[in-house]
2 protein chains.
Amino acid sequence: MLKKIVIFGVGLIGGSVALALKQQPQPPRIVGVGRNQASLQQALALGLIDQAETDIEQALTGTDLILIATPVAQTPAILRTIRPYLSAEMVITDAGSTKSDVMAYAEAELGAQLSQFIGGHPIAGAEKSGPAAAMPSLYHGKNVILTPDHRTAPEALNKVTHLWQQCGAVVSQMTPQAHDEVFAAVSHLPHLLAFILVDDLAKRDNAECLFKFAASGFRDFTRIAGSHPEMWRDIALANQAALLQELKRYQTAVSELTHLLEAGNGEALMRVFTHASEARIAWGEANPQRKLQ
Amino acid sequence: MLKKIVIFGVGLIGGSVALALKQQPQPPRIVGVGRNQASLQQALALGLIDQAETDIEQALTGTDLILIATPVAQTPAILRTIRPYLSAEMVITDAGSTKSDVMAYAEAELGAQLSQFIGGHPIAGAEKSGPAAAMPSLYHGKNVILTPDHRTAPEALNKVTHLWQQCGAVVSQMTPQAHDEVFAAVSHLPHLLAFILVDDLAKRDNAECLFKFAASGFRDFTRIAGSHPEMWRDIALANQAALLQELKRYQTAVSELTHLLEAGNGEALMRVFTHASEARIAWGEANPQRKLQ
């Protein structure tokens, strides 16, 4: 049972873990660490954390688990900072959208203590960010991917699996590479495709007219184009290899579609659209949308 | 004031016009015509129409306005069928997603009576189809585009404008070509892009894994991939020229993005993503989503 947990980055992601843990019968003590003091104080005031700490040694003393819930780019510096204070039973995990790069950071910074680290990625989010956006139910029924390898201590895997299960999540495992390829395909590529469509439309002379008559299809397809540009630049660069594969593949699909349309090949278009429509409808039925409480 | 209207195709689109008109203080008599007798009888039973008619001459006698709300491909045959019974004061309009082809059908079938025809496109829809899906509020606050040209009688434009205003819609005008280009960009292209993404993912060896971990970004981006494949094949073929222009343009955008990512050009990616994100957020604020009653 967790007695104490340190969360780096008490925003939507880290804060929601904190709130979920606080709903447990015997919640751990939760210490928040971050660069933005105002944000940390807000997290404290909102009851997400029990203590806001700036002294890393103090924060880590007696802790069971360290959750890094900051932007991935901060991971190496955080790992470097905590390493001197890591005792053998402490477990470290993260919540980043990419895993190969995080594992490389962990390898570089933790040396032999890499066994105490396990990469994690909760597949959950909401439009708002920051501590005020945190929700105890954010992870209910959601998937979390952990990316252990042969060096990961079984205890680390168990502790972090249990942590996410306490948040109501369903925990799966993958290699970091498999993770990055899967999410390049189903998340990162769609975000980039939406960004470039809106960027292009907004550049046109008739942009005002286009946006005036854009309706529900545009709304849904481009919703993710309203995402945080800095975070997505970082994800794109972090997952460059897998994303370039996806872009190349998608380029081919656009090309093939273009040829079918040029040829007026209604039968082939029908096959593509039917295949897609059936797959999407089946997925929608298997994954009904839930409203977050 | 409309005393009688004939609707070809009393489904979601035609049926919702009927219901909107029935909410007027002195609604016109509404006659439904269609190929599917069961569906027409259902429309009658649901109170969408006052009469289900198979005899075209009977249907058209005394009518002020004829609304063609069938799939666009049926338009030429309908125009051919009604032409012998068109008196000079009758106005004909449609509700198809493409307008250049519809205008060409009207030119081919109506001869001098083309002046009585005005193309129309209500920018509204819902997931369900058929008479049971019809809603009187479907067009409230929605855009309708009319595509008159120099040959269109002012009376036709006025009558049809008024019809859609009675449905609660905001009526605009465009040339058929401008209409088809606008909707190629903001509606037709996104649908095709969503179809080919889902088609490709569903073909892969690891499709099951991909769909298992696809989440909210995928959900929104691909919602329109669940659209009716036959309707979209028809739209793609009908709007072939404008769509091919869009596909070519998008192909270039994908190519440029690929080069930026290959080069690790974070600054340029940031510019694209920021431009898109700002535009999409601004659009979302200017066009808040309303729930249909």
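**View 1. B:Ala104 lies in helix 5 (residues 100-110) of chain B.** Helices here are DSSP runs of H or I with at least four residues, numbered from the N terminus. The model is predicted: local features need pLDDT of at least 70, side-chain atom pairs count only at pLDDT 80 or more, and totals for chains, interfaces and linings use all residues. Residues are numbered from 1 along each chain as its sequence is written, chains are lettered from A in the order in which they are written, and side-chain values use heavy atoms, without hydrogens and water. B:Ala104 counts as partly exposed because its relative accessibility is 40% (buried is under 20% relative accessible area, exposed is over 50%, partly exposed is in between; 1.4 Å probe, protein chains only). From C-alpha to C-alpha, B:Ala104 is 9.9 Å from B:Pro176, although 72 residues separate them in sequence.

**View 2. B:Arg290 sits in the segment after helix 12 (266-286) of chain B.** With a relative accessible area of 49%, B:Arg290 is partly exposed. Neighbours within four places in sequence aside, B:Arg290 is in contact with B:His140 and B:Lys142 (contact means heavy atoms within 4.5 Å). The C-alpha atom of B:Asp55, 235 residues away along the chain, is 40 Å from that of B:Arg290.

Terms used:
Helix = DSSP H or I, 4+ residues; strand = E, 2+ residues; numbered from the N terminus.
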